[in-house]
2 protein chains.
Amino acid sequence: MDILQRQGFYGPPAGESTILGVEFSGTVVSVGSDVFSEWQIGERVFGLVYGGAYSEYVVIEAAMAARLPNKISYAIGAALPEVWLTAFQALFWNCSLVTGEDVLIHAGASAVGIAAIQLAKNAGARRIIVTVSSQEKIEFCTSLGATHAINYKSDDFKTKVAEFTEDRGVDVIVDFIGANYWDSNLASLAFDGRMVMLGFLGGPVVNSSNLGPILRKRLTVRGSALRSRSLAYQIKLKQQVEQEVFKPIFEGKTDMRAIIDREFSWKEISEAHRYLESDKSKGKIVITVD
Amino acid sequence: MDILQRQGFYGPPAGESTILGVEFSGTVVSVGSDVFSEWQIGERVFGLVYGGAYSEYVVIEAAMAARLPNKISYAIGAALPEVWLTAFQALFWNCSLVTGEDVLIHAGASAVGIAAIQLAKNAGARRIIVTVSSQEKIEFCTSLGATHAINYKSDDFKTKVAEFTEDRGVDVIVDFIGANYWDSNLASLAFDGRMVMLGFLGGPVVNSSNLGPILRKRLTVRGSALRSRSLAYQIKLKQQVEQEVFKPIFEGKTDMRAIIDREFSWKEISEAHRYLESDKSKGKIVITVD
């Protein structure tokens, strides 16, 4: 998202800060008078905002802020909100994933992919299939709970999904690619399958498509996003993820965890963006403002 | 459905009767021993079956059978199940239509369209926009509750929908056309809009499509059907429609009504099919077995 916004393709909602960055951690330095009974100055905090997180100070709606326990690092706090809320929304709100179902997660080693693999595993998904771009990422995703991994550079994922699922297809697909994968995604869905599209990294234009599978298999295809959602929607999502994911993570009651690939100082922000664009990272890149 | 099945394009689910016809009315002549406390021989009945309704006798699961009051004609009974269950499923189960939303119903004067217009009106939809093929059908649909009607032969529905909704688009689309309407349908949906596709009368293959609106407007596109659904699903749907639609219709507590265009004797079945194929009917065509 940060790269797209930097390139001018993904602005914040109208009226929000045009500074990059949608998540942060830190300490509370000021509290609005309407919420000062809920938050104290000095408390450790993390959260998701519509924009402006590449900053020394950030303003957040109190209900969107989450407490960061002392034993959890600021880096972990900053790495949690956007990807876990996005992955949770995608799997459970958008696609109604339930125990025993099969799921295909594209870009498995991306930050959202990493969260989605772990959430799917935690929810009791049966097959958790990912697509990635290297053998190293295959091993990484498998270590997190992926049951099958496909290197999309060397293998056709549609063929592999059919093989892994005995031609049944998967119940849920989390897609970031769009047009390039459209037909293969439709082919890879089982009856009553659901696909959520979170991005169009492969562009939005398909040349000739057969929509037949949508009707024949009663598929559901849904576009989703987090940043464009209303505050009320985001608060509801944040509250559920805080309860079901962040709290168990902080209390050590789950195997789920945030994975940080690398930390950069804010003085190295250009280098951090270049590293992210290199497609080599496995996990979050965290920027430290010092 | 009957025409497609006759042409060999739409068979019944495996193991079901290959005789045409999915709905009927009549009297009970035999009751299974496991349900004889629920149904008596001689009771008036109507219902939806997977196939075989073009017959003197039809077998139906007891839970799928509905009682037909004495004051309601057999013709009305036979005209109710398939279209009302389909339209109800499409608007409420597939598209979650709620009060105050705008809806676009293609093929407004078709039997499913007629039911959908009335259900949308009854649910408090704001704008109920239909597409039809003649001025006569515009007047017909308007009389049932459509607030706007578009003759797709003389007008571009996308342009008209934008005009009627002040460029906002509609919240829900019920589509039967498929490929030909795909791009215009995506363009006609509002933010968080939902489209259900019930048929591909215009074929399934789109030549070049921009999927951008799916992501940008967070759209949901869903293929649906009734005949391919499990018995458990159909029973649940039937029970809800019986309670919320058929009962009020029978008790005269709603404006909703079944509309029969014409009745034919079973000896004129070829003529009935030809009439249906002529695209002139407004409402159900009922076949009488005598």
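**Figure 1. Cysteines of chain B in the predicted model.** Across all chains of this predicted model, a search of the whole structure finds zero disulfides, a disulfide being a pair of cysteine sulfur atoms within 2.5 Å. B:Cys95 takes part in none, and the nearest cysteine sulfur, which belongs to A:Cys95, is 16 Å away. B:Cys95 is buried, at a relative accessible area of 1%; buried denotes under 20% relative accessible area, exposed over 50%, and partly exposed the range in between (1.4 Å probe, protein chains only). B:Cys141 is likewise in no disulfide, with the sulfur of B:Cys95 the nearest at 18 Å. The relative accessible area of B:Cys141 is 0%, and this residue is buried.

The model is predicted, with pLDDT of at least 70 required for local features and 80 or more for side-chain atom pairs, while totals for chains, interfaces and linings use all residues. Residues are numbered from 1 along each chain as its sequence is written, chains are lettered from A and ligands numbered from 1 in the order in which they are written, and side-chain values use heavy atoms, with hydrogens and water left out.

**Figure 2. The three-stranded open sheet of chain A.** Antiparallel pairing joins three strands of chain A in the order β1-β2-β3. Helices (H or I, at least four residues) and strands (E, at least two) are DSSP runs numbered from the N terminus, and two strands pair if DSSP finds at least two bridges between them. Because β1 (23-27) and β3 (65-67) of chain A each have a single partner strand, they stand at the edges, and one side of each is without a neighbour in the sheet. On average, neighbouring strands of this sheet are turned by 25 degrees against each other, direction ignored. Between β1(A) and β2(A) (residues 44-48) there are five bridges, and A:Thr27 has A:Arg44 of β2(A) as its bridge partner.

**Figure 3. Helices lying across the sheet of chain A.** Helix α3(A) (residues 81-94) lies across β1 and β2 of chain A, at about 50 degrees to β2(A). Helix α9(A) (residues 231-250) lies across β2 and β3 of chain A, at about 20 degrees to β3(A). Axes are lines fitted to C-alpha atoms, for helices over the stretch in contact (heavy atoms within 4.5 Å), and angles run from 0 to 180 degrees between N-to-C directions.

**Figure 4. The interface of chain A and chain B.** In this interface, 28 residues of chain A contact 28 residues of chain B. The two chains bury about 2,300 Å² between them, 60% of it on carbon and sulfur atoms; buried area is the accessible area (1.4 Å probe) that two parts lose on being put together, summed over both. A:Leu211, A:Leu215 and A:Arg218 supply 28% of the area that chain A buries against chain B, more than any other three residues. Two salt bridges are found across the interface, each a side-chain nitrogen of Lys or Arg within 4 Å of a carboxyl oxygen of Asp or Glu. A salt bridge joins the side chains of A:Asp192 and B:Arg229 (3.5 Å, N to O).

**Figure 5. Strand β11 of chain A and its partners.** From β11(A) (residues 220-223), A:Thr220 and A:Arg222 point one way and A:Val221 and A:Gly223 the other, and all are buried. Four bridges join β11(A) in parallel to β8(A) (residues 189-197), where A:Met195 stands opposite A:Val221. Three bridges join β11(A) to β11(B) (residues 220-223) in antiparallel fashion, with A:Thr220 partnered by B:Arg222.
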